[in-house]
Each structure stands twice: as structure tokens, then as C-alpha cells.
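Dear colleague,

Here is the structure you were expecting, with its sequence.

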Amino acid sequence: MGKGDAVVVGGGLAGTLAAGALLGHVDTVTLVERDRYPQQPAFRKGVPQGRHLHVFLSGGRRALEELFPGLNGELEAAGAHRLEAPRDVITKAPNGWQRRFHEGRHATTSCTRALFDATVRARVLAEAEGSGTRVEVLQGTEAIGLLGGADRVTGVRVRARDAGRCPPIW
């Protein structure tokens, strides 16, 4: 008996992580992404604050590592910077600059959003290969409605951004 299928609306960082969390728990994950992914890490028009520096604090680093062991190392190998707070990062508060302590206790990862997205996406797709879950990515596709009732969503209506309406998923 199958485990069922899942649809994740949005293939950015949160959606890709959600798809990754579903690996091994469902038969198929369909990831609906309205843009097209670049071949290499690149800024995407549809990503708010995509050109801003992004940081995963220590809790986010631990969560990433728990979900995908070794991912922090992969990010660093791809160009992300590991910073220890408060040794490598200082902040300014209303009462002035915070003191710098040389006992890095809280590791953070800092890089572009494009690098985060590309590295996590590659890892999720690689992990899917041996997970028993098939991941289908619908690029250039937008969700235009949910199917079902007030008590349960049974599907998602989508359309290709360049070709009109597609059949519902599920």
C-alpha cells in the first residue's frame, strides 16, 4: 500500500526544505515553482530580498544539519561563510556597539540567497534518489487554486505561466 502523494506550493528555500522533510514519508512530492531554476546559483526575479545577504543563525544551522547531515559543510564548500558570534559578528544596539568576545559559541552561515537555494535544492534532489520518494518539479507553473472543501484539501489547480491552464494535481 502506498504512502500517498504530496504537493508543495512554492519551490523556494522553504518549499524545497518542506519537500526534503517529506522524503521517505510519501510516494511522490510534486513541487510547484512559478519561476524556472537557473543552472547555477543566480538571483531570481521572483525571490523577495533575493539580493540581500542571508544568514542562518545557530538554530537554523542545527535544523539544516539534522534534516540533511553535512549540508553546512556543503554550503561552506560552495562559498558560504561560517561566522562565530559574538567573535566574528558584532551588532549595534541602542546603547552602542556590543562587545566582541573571542569565544565563538554560536555558529552562523552567511551567503547569498541564490547559493542557499541552489545548494539545498541540489541536496534535496540528490537525497530523493535513494529515499523511495519520487520528486517531480513543475517549473514555470503557478498554483491558481485549491481543490476540496473546508475540512480537507484534495488537490491543487495549476497552470503553466506561458501556456495557460493545466489539469489539477492529485
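Glu142 and Arg161 are joined by a salt bridge between their side chains, with 3.8 Å from N to O. Glu142 sits in strand β9, while Arg161 belongs to the loop between β10 (152-160) and β11 (164-165), so this pair ties together parts that lie 19 residues apart in sequence. Please keep in mind that this is a predicted model. Glu142 has a relative accessible area of 21%, so it counts as partly exposed rather than buried, for which the value must be under 20%. Arg161 is also partly exposed, at 46% relative accessibility.

The pair does not stand alone. Glu142 and Arg161 belong to a network of salt bridges that also links Glu33, Asp35, Arg44 and Arg159. In total, the model has twelve salt bridges.

In one of them, the side chains of Arg123 and Glu127 come to 2.9 Å, N to O. Both residues are in helix α4, four residues apart, or about one turn of the helix. Are these two partners buried or exposed? Arg123 is buried, since its relative accessible area is 10% and the limit for buried is under 20%. Glu127, at 32%, is partly exposed. In the other, Arg134 pairs with Glu136, and their closest N and O atoms are 3.8 Å apart. Glu136 is partly exposed, with a relative accessibility of 30%.

Next, the core. The largest nonpolar core consists of 23 residues, and the ones with the most contacts inside it are Leu17, Val29, Leu64, Leu71, Leu75 and Val120. Two or more residues each come from β1 (5-9), α1 (13-22), β2 (28-32), α3 (71-77) and α4 (113-129). Helix α4 provides the largest share, five residues.

Which residues does Leu71 touch, leaving aside its neighbours within four places in sequence? Leu71 is in contact with Leu64, Glu65, Thr119, Val120 and Arg123. Of these partners, Leu64 and Val120 are listed with Leu71 among the core residues with the most contacts. Arg123 is the residue described above that forms a salt bridge with Glu127.

The largest pocket holds about 160 Å³. Its lining is made up of 16 residues, and Gly10, Gly11, Val32, Glu33 and Arg34 are the closest to its centre. Glu33 is also part of the salt-bridge network. Strand β9 (residues 141-149) gives the largest share of the pocket lining, three residues. Strand β9 is also where Glu142 lies.

The largest cavity has a volume of about 80 Å³. It has 13 lining residues, and nearest its centre are Ala42, Phe43, Arg44, Ala114 and Asp117. Arg44 is another member of the salt-bridge network.

Regards

Conventions
Residues numbered from 1 in each chain as written. Predicted model: local features only at pLDDT ≥ 70, side-chain atom pairs only at ≥ 80, totals over all residues. Heavy atoms only, no water. 1 Å grid on protein atoms, 1.4 Å probe; cavity = no way out; pocket = protein on both sides within 12 Å on 5 of 7 lines; lining within 4 Å. Points joined across faces, edges and corners; volume = space filled by probe spheres on them. Core = buried A, V, L, I, M, F, W, Y, C linked by side-chain atoms within 4.5 Å. Buried < 20%, exposed > 50% of the residue type's maximum accessible area, 1.4 Å probe, protein only. Contact = heavy atoms within 4.5 Å. Salt bridge = Lys/Arg side-chain N within 4 Å of Asp/Glu carboxyl O.
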